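Colleague: I would like to go through this model with you. Could we begin with its pockets and then turn to the helix packing?

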Amino acid sequence: MEQLNSTVVISNMSSLGPLLHRSWNFKDVIPVVMLCLCCLLGVPGNIGVILLKPNWLHLSSVSRSLMLNLAISDLLCLLTLPPWIYSLLYGWSFGLVACKVLAYLVYCTIYGSQLTVTVLSIQRYLIVVRQKRLPEMKNAMLLVVLWMVAFILSIPVLVVRQLSTHQQQIVCQSQYSSEAQGVVVLLAETLFDTFSFSVIVFSYKHIHRKINRAAFFNNPQTTRLVTSIIVSFFVLRTPYHVINVLGVAAMCLKNKSLLDFCIKMWDIVKAFTFVNSWLNPLLYAFTSNIICTVCRKKEQRQRQSLQNIQTPDMSTVDRHHDI
C-alpha cells in the first residue's frame with residue numbers, strides 16, 4: 001500500500017540512530033517507473049471497463065455491480081498516484097491534510113478493491129459449486145457493507161501518517177508512537193491479506209474442480225484464468241507483506257541493519273501492489289465470461305446426454321448463466 005512505511009519513525013527507538021533517507025539513485029527510479037506504468041495502463045483500462053462493460057450481457061446484477069465496483073475502486077486508486085510519484089522524486093509539498101487524506105483514500109480504494117475481489121470469488125463459488133445465488137435486491141447493501149469495512153480498515157493511516165523532515169526534504173510517512181503500534185499496524189495488514197488470499201484460493205480451487213469434474217469436459221481456459229488470478233495476487237502482494245514481517249522483526253529486535261534493509265525495499269515492493277489495479281480489468285472484467293461459458297457448455301453436454309432417454313424439461317434454467 002502506497003507510502004505506508006517508506007520510513008519508519010518510532011519515538012522510543014532512538015537507539016537505532018537516524019533513519020536513512022532516500023537519495024536520488026537507481027533504487028528510487030524503480031518504483032517511480034512502475035507507478036507511472038500503472039497510471040498509463042490502468043487508468044484507460046479501468047475507464048474502458050466502466051464505459052464498455054465488456055462481456056457483461058449474461059452476468060447477474062450482483063456480478064455486474066461487483067465488476068463495476070472493482071473498476072471504480074482501482075481507478076480511484078490509480079488517480080492518487082501522481083502526488084506520490086512526485087513525492088518520491090522531490091519530497092512532499094502538499095501539506096499535512098493532503099498527506100493524511102490522500103493516504104487514507106489510497107488505503108480505502110485498495111481495501112475496497114481487495115474486498116471486491118474476495119466477495120467476487122465467494123459469489124462465483126456459491127453459484128458454481130453450491131448452486132446458490134446472492135439475492136439480487138441486496139446489491140446496494142452488499143456494496144455499502146463492503147465500503148464500510150474498507151473505511152474502517154483504513155482508519156489507522158489517519159492516526160500514524162505525519163510529515164517529517166529528512167535531509168532537508170519533507171516526506172509524508174507513518175510515525176509510530178511505540179513499537180507496539182507499529183507491530184499492530186503492519187501485522188493487521190498482513191493478516192487481512194492472508195485471509196483474503198486464503199478465501200480466493202479456496203473458492204477458485206473448488207470452482208476449477210467442479211467444472212473439470214463434468215464428464216468428457218476439461219477446458220484449458222478456466223485453468224489459465226484461475227491460475228492467473230491466484231498467481232497474480234500472490235506474486236504482487238506477498239513481497240510487500242514479507243518486508244512488513246521483516247520490519248516487525250526489526251522493530252522487536254531493534255535490529256538497525258534489518259530495519260535499514262526494509263526501508264530500502266518498502267517503496268519497491270509497494271509499487272508492485274499497484275500493478276493489481278491495472279491487471280484486474282484483464283483478469284476479471286475482460287475475461288468474466290470464460291467461467292460462465294464453460295458452465296453453459298457443461299450444462300449443454302449434460303442435457304444432450306439425457307435426450308436419448310427422456311424428453312428434456314424446457315423449464316430448466318441454466319444455473320450458471322449469471323456468474
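Modeller: Please note that this is a predicted model. A pocket here is an open set of grid points with protein on both sides within 12 Å along at least five of seven lines, and a volume is the space filled by probe spheres set on the points.

Colleague: How much space lies in the second largest pocket?

Modeller: The second largest pocket holds about 170 Å³ of space.

Colleague: Which elements give two or more residues to its lining?

Modeller: Those are helix H4 (95-128), helix H5 (139-153) and helix H7 (179-212). Among the lining residues are Leu115, Ile122, Leu142, Leu146, Phe192 and Phe195.

Colleague: And what is the lining by class?

Modeller: It has 10 nonpolar, two polar and no charged residues.

Colleague: Turning to packing, at what angle do H2 and H5 cross?

Modeller: The axes of H2 (residues 61-79) and H5 cross at roughly 35° and come within 10 Å. The crossing is right-handed.

Colleague: Which residues meet there?

Modeller: Ser61, Val62, Ser65, Leu66, Asn69 and Ser73 of H2 meet Asn139, Leu142, Leu143, Leu146 and Trp147 of H5. By class, this contact has six nonpolar, five polar and no charged residues.

Colleague: How are H2 and H10 oriented to each other?

Modeller: Their axes cross at roughly 160°; angles over 145 degrees count as roughly antiparallel, so H2 and H10 are roughly antiparallel to each other. Their crossing is left-handed.

Colleague: What is the make-up of that contact by class?

Modeller: The contact of H2 with H10 has seven nonpolar, three polar and one charged residue. The H2 side includes Met67, Leu70 and Asp74, and the H10 side includes Trp278 and Tyr284.

How values were computed:
Residues are numbered from 1 along each chain as its sequence is written. This is a predicted model: local features need pLDDT of at least 70, side-chain atom pairs count only at pLDDT 80 or more; totals for chains, interfaces and linings use all residues. Side-chain values use heavy atoms; hydrogens and water are left out. On a 1 Å grid over the protein atoms alone, a cavity is a set of points where a 1.4 Å probe fits but cannot get out, and a pocket is an open set with protein on both sides within 12 Å along at least five of seven lines; lining residues have an atom within 4 Å of a point. Helices (H or I, at least four residues) and strands (E, at least two) are DSSP runs, numbered from the N terminus. Ala, Val, Leu, Ile, Met, Phe, Trp, Tyr, Cys and Pro count as nonpolar, Asp, Glu, Lys and Arg as charged, and the others, Gly among them, as polar. Axes are lines fitted to C-alpha atoms, for helices over the stretch in contact, and angles run from 0 to 180 degrees between N-to-C directions. A crossing is left-handed if the near helix is turned anticlockwise from the far one by less than a right angle, and right-handed if clockwise. Contact means heavy atoms within 4.5 Å. Angles under 35 degrees count as roughly parallel, over 145 as roughly antiparallel, 65 to 115 as roughly perpendicular and the rest as oblique.
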